[in-house]
Amino acid sequence: MALDQSFVGRSYPPTEPYEVGREKIREFAEAVGDPTPAYTDPEAAKALGHRDVIAPPTFVFAITYRAAGEVIEDPRLGLDYSRVVHGDQRFAYNRPVRAGDRLSVTSTIESVTSMAGNDILDIRGDVHDEAGEHVVTGWTKLVARAAGEA
Amino acid sequence: MAAKIAYDDVQVGTELPARTFRVNRATLVRYAGASGDFNPIHWDERFAKEVGLPDVIAHGMFTMAEVARVVTDWTGDPGSVVEYGVRFTRPVVVPNDDQGATIEVSGRIAAKLDDHTVRVDLTATSAGRKVLGMSRAVVRLA
């Protein structure tokens, strides 16, 4: 089913802040097997000029994707989530995410296209901290494969 | 930010140290919990096959995280990453055996940009085939 083109350019209200915890960063770093000290040791992070432990670059996806859920699950858009695969992912950082951040995401639908029966959705997530400063933007391309295609 | 590599010391074509990362079913369960992505294609073989996959596959974002390590280990400061993007072109298939799968990652400097930044082009393969396209990072060096 073709998606509703009128959704292009639509932004969703900023999410409630997500508070980034040291132990959540540690859990994520351990899950990807990355022993970088700046992810777990505040002193190591400070030695690199960071205020507290920082998160691995892709950590923020869990936050932007949760915010994108509001878009993905919007029944008016008509996306068949059971057929969705992650096509592309990109981030542009103003600074690394760090423990203590309270991050809010504003999701915007950048494009809605159809190609060979596949529905393609580009969602941008602008992430700001509690002071309103931009931290990182994530772009997520989701592809809903055509029905009937395994 | 405190990258340990100096902009003036690198050239286009400079290779980053290549790495091989292992991933098995336990890795994926752990990543699911840490990331909050519980899509069953990453842990339930029956479900994965029902939706047409050859077997359980790794989270694309897990692969993206591993590939980033080649860059952040090289610069010495994960805060040096200015931009990072990938295209997920082929899944990393993770069999339920002792070995699991491996992801082999290499990178080279493709361009020297303004403001002490360089673009690194990255290659990731699993089972001998590329699993990412357009995999690039822009990092700020010292």
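Reader: What makes A:Asp34 and B:Arg69 a salt bridge?
Author: Check the distance. A salt bridge is a side-chain nitrogen of Lys or Arg within 4 Å of a carboxyl oxygen of Asp or Glu. The closest N and O atoms of A:Asp34 and B:Arg69 are 3.7 Å apart. That lies within 4 Å, so the name applies. Between chain A and chain B the count is three salt bridges.

Reader: What kind of model is this, and how are its parts numbered?
Author: It is a predicted model: local features need pLDDT of at least 70, side-chain atom pairs count only at pLDDT 80 or more, and totals for chains, interfaces and linings use all residues. Residues are numbered from 1 along each chain as its sequence is written, chains are lettered from A and ligands numbered from 1 in the order in which they are written, and side-chain values use heavy atoms, without hydrogens and water.

Reader: How many residue pairs are in polar contact across the interface of chain A and chain B?
Author: The rule finds nine, with both residues at pLDDT 80 or more. A polar contact is a pair of N or O atoms within 3.5 Å; within protein, one must be able to donate a hydrogen and the other to accept it, and residues adjacent in sequence count only if both atoms are side-chain atoms.

Reader: Which elements give two or more residues to the side of chain A that touches chain B?
Author: They are α1 (22-31), α3 and β2 (84-93) of chain A. The largest share, eight residues, comes from β2(A). Helices (H or I, at least four residues) and strands (E, at least two) are DSSP runs, numbered from the N terminus.

Reader: What is the area buried between chain A and chain B?
Author: About 2,500 Å², of which carbon and sulfur atoms give 58%. Buried area is the accessible area (1.4 Å probe) that two parts lose on being put together, summed over both. A:Ala31, A:Val32 and A:Leu48 supply 20% of what chain A buries against chain B, more than any other three residues.

Reader: Why is the pair A:Phe61 and A:Tyr65 called stacked?
Author: Rings of Phe, Tyr and Trp (its six-membered ring) pair if their centres lie within 6.5 Å; planes under 30 degrees apart count as stacked, over 60 as edge-to-face and the rest as tilted. The centres of A:Phe61 and A:Tyr65 are 5.1 Å apart and the planes are at 20°, so the pair is stacked. Both residues belong to helix α3 (residues 61-72) of chain A, four residues apart, which is about one helical turn.

Reader: How do you know whether A:Phe61 is buried or exposed?
Author: Buried means under 20% relative accessible area, exposed over 50%, partly exposed in between (1.4 Å probe, protein chains only). A:Phe61 has 8%, so it is buried. A:Tyr65 has 23%, so it is partly exposed.

Reader: What makes the aromatic pair A:Phe91 and A:Tyr93 tilted?
Author: The planes are at 35° and the centres 5.8 Å apart.

Reader: How do you know that the charged end of A:Arg90 sits over the ring of A:Trp139?
Author: The rule needs NZ of Lys or CZ of Arg within 6 Å of the ring centre and within 35 degrees of the ring normal. The charged end of A:Arg90 sits over the ring, 4.0 Å from its centre. B:Lys112 sits over the ring of B:Tyr7 at 4.3 Å.
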